[in-house]
Each structure stands twice: as C-alpha cells, then as structure tokens.
Amino acid sequence: MTDIVIAQTTIDDARRAEALARGAVENRLAACAHIDQPFTAVYWWNDAVETAQEWRISYKTTAERLPELEAWVAEQHGYEVPEWITVPVTGGSAAYLAWVAEETRPRPVA
C-alpha cells in the first residue's frame, strides 16, 4: 500500500476540464492530471434521467494533499454536486510514486 491516491471528477466543458487540471497541478495539489476524451454520461438528476457529454479528470496526489485538493476542486468546479471519487494506489513504480510525492509537496512561498 502507498500513500498515493487517484482522485477523479467530471465536467461538461473541455476548457473547464483543462482549467481544473492545470490549476491543481500549478497549486501542487496534484503531481499531474489526465483529461479523458469526452464521453456520454447518463444519470439521474432532479427526478429525471439526463444525458450529457463530460470529460473525466484524474488527479495523482498523496493522501496528505487529498483534502486540500478536494476542497479546491469543489470551490472551482461549478456543479451543484460534482463527482468526487478517490482510489488508493496499492502499488506501482517506486520512481513514479516518489515523483508524485515530491511534486505535491508544498513549496515555500518566495
């Protein structure tokens, strides 16, 4: 088991997806973020079945940084109830996992 986590959200606009990905990385809340190609989401909302095009953003971060990332995404997102799912990383390349931990470490303000 590692302290690395993959956190995911979805959004209905490609530019907003990029802003959510870039902002989290620039703020060192995630070491990287992947934006999946648009897909069709079908879901219940306000007592009706809805269909929408969305983009999934997957963040690689540490368990320590996860609460701050979650709060930042919720603040920036725009959905009333944004998807927020986390998956623990149970293994992987030691070099990659170390890189994620290093890149999410808070830096002193210059």
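Predicted model: local features only at pLDDT ≥ 70, side-chain atom pairs only at ≥ 80, totals over all residues.
**Figure 1. Salt bridge between Asp12 and Arg16.** The side chains of these two residues meet with a nitrogen-to-oxygen distance of 3.4 Å. Asp12 is partly exposed, its relative accessible area being 39%. Arg16 is likewise partly exposed, at a relative accessible area of 32%. This pair belongs to a structure in which a search of the whole model finds 9 salt bridges.

**Figure 2. Salt bridge between Asp13 and Arg15.** The closest N and O atoms of Asp13 and Arg15 are 3.8 Å apart. Because the separation of 3.8 Å falls within the 4 Å cut-off, the contact counts as a salt bridge. Arg15 is exposed, with a relative accessible area of 67%. This value is over 50%, so Arg15 is classed as exposed.

**Figure 3. Salt bridge between Arg22 and Glu26 in helix H1.** The closest N and O atoms of Arg22 and Glu26 lie 3.7 Å apart. Both residues belong to helix H1, which spans residues 14-26. Because they are 4 residues apart in this helix, about one helical turn separates Arg22 from Glu26. Glu26 has a relative accessibility of 58% and therefore counts as exposed.

**Figure 4. Network of salt bridges involving Arg28, Glu102, Glu103, Arg105 and Arg107.** Salt bridges link these five residues in a network.

Conventions: Residues numbered from 1 in each chain as written. Heavy atoms only, no water. Buried < 20%, exposed > 50% of the residue type's maximum accessible area, 1.4 Å probe, protein only. Helix = DSSP H or I, 4+ residues; strand = E, 2+ residues; numbered from the N terminus.
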